[in-house]
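Hello,

Here is the structure you are taking over. Please load it first, then read my notes below.

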Amino acid sequence: MQELFPGIFRGGKSLYTVNLLPGKKVYGERLVRQGGSELREWVPERSKLAAALMNGIKQFPVRSCSKVLYLGAATGTTVSHVSDIAGREGIVYAIEFSERSFRNIADLAAARGNIAPILADARKPELYNWIEACDTLVTDVAQPDETEIAIRNAHMFLNKGGFVLIAVKSQSIDVTKDPSKVYKEEAEKLRKAGFSVLQLVNLEPYEQKHALIAAIK
Ligand SMILES: C[S@@+](CC[C@H](N)C(=O)[O-])C[C@H]1O[C@@H](n2cnc3c(N)ncnc32)[C@H](O)[C@@H]1O
């Protein structure tokens, strides 16, 4: 087992994080023992951050004690791994606007203790302007204005030098355009807004027509 980044392990074709709640699964993933800890498999077909790790993202900002703002938490699959990595001293502010998904994320938050679930529209960050400044922003809302939503939230909540990870679904932005053109255009929007784009990671074969943009504020 190799430690790819602090708290993230790779063994063969599988990725793992250290389970914050030993014995508990979140989405049916495998649990394995490694030394004195329990690792939870992080499935790249179920999580764009895991797909980006498998496809060679060069810098991964989430680590122990991180403060993360996560837009589009859904039922908490990826949020749960971010919560594992950030650990008990870290926090994940998990924004989700679907009430149905929110119920799952609220249960997950109650069990884990380092997730703050927020039922809100990520297009209206003023509704959660009470949260503290964060060092990482992750967005996975699969909306046509994903990058604009990310920029607005980054301006409001991300520390200078903080990381932005944006999952871009080209089909949500323009079905008629070549996905690689869509990714470049979204990256250009970030540059124009003053961010430094570090890397554009194609997420295939785990997620068709998706890429992850990594940038710094
Ligand atoms: C692709 S799914 C996210 C999957 C999740 N990130 C994961 O890896 O487990 C997109 C989610 O974003 C939510 N969403 C879409 N637009 C949103 C918005 N404007 N504000 C908050 N949540 C939004 C959807 O309800 C959906 O749950």
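Pro 205 sits in the loop between strand 11 (196–202) and strand 12 (210–216). The peptide bond that joins Glu 204 to Pro 205 is cis, with omega at about 5°. Please bear in mind that this is a predicted model.

The loop between strand 11 and strand 12 also holds Lys 209. Lys 209 is not a glycine, yet its phi is positive, at about 55°. Its relative accessibility is 36%, so Lys 209 counts as partly exposed.

Ala 142 is another residue other than glycine with a positive phi, here near 50°. Look for Ala 142 in the loop between strand 9 (134–139) and helix 4 (146–157). Ala 142 has a relative accessible area of 35%, and therefore is partly exposed.

Now the ligand. The space it takes is the largest pocket. How many residues surround the ligand? The count is 17, and the closest are Tyr 70, Thr 78, Glu 96, Asp 140 and Gln 143. By class, the shell around the ligand has 7 nonpolar, 5 polar and 5 charged residues.

- Thr 78: an N or O atom in its side chain is 2.5 Å from an oxygen atom of the ligand.
- Tyr 70: a polar side-chain atom lies 2.7 Å from a nitrogen atom of the ligand.
- Phe 97: here a backbone N or O atom is involved, 3.3 Å from a nitrogen atom of the ligand.

How much of the ligand does the protein bury? On its own, the ligand exposes 600 Å², and the protein buries 84% of that.

Thr 78 leads on to helix 2, where it is one of the buried residues. Is helix 2 (residues 77–86) largely enclosed or left open by the rest of the structure? It is largely enclosed, because 10 of its 10 residues are buried. The cut-off for buried is under 20% relative accessible area. Among the buried residues are Thr 77, Val 79, His 81, Asp 84 and Ile 85. Ser 80, Val 82, Ser 83 and Ala 86 are buried in helix 2 too.

Gly 87 follows helix 2. The phi of Gly 87 is positive, near 70°.

Positive phi values occur at Ala 142, at Lys 209 and at Gly 87.

Best wishes

Notes
Residues numbered from 1 in each chain as written. Predicted model: local features only at pLDDT ≥ 70, side-chain atom pairs only at ≥ 80, totals over all residues. Heavy atoms only, no water. Near = heavy atom within 4 Å. Polar contact = N/O pair within 3.5 Å; in protein donor to acceptor, adjacent residues only side chain to side chain. Areas by Shrake-Rupley, 256 points an atom, 1.4 Å probe, with all protein chains shown as cover. 1 Å grid on protein atoms, 1.4 Å probe; cavity = no way out; pocket = protein on both sides within 12 Å on 5 of 7 lines; lining within 4 Å. Sits in = over half its atoms within 2 Å of the grid points. Nonpolar A, V, L, I, M, F, W, Y, C, P; charged D, E, K, R; others polar. Buried < 20%, exposed > 50% of the residue type's maximum accessible area, 1.4 Å probe, protein only. Helix = DSSP H or I, 4+ residues; strand = E, 2+ residues; numbered from the N terminus.
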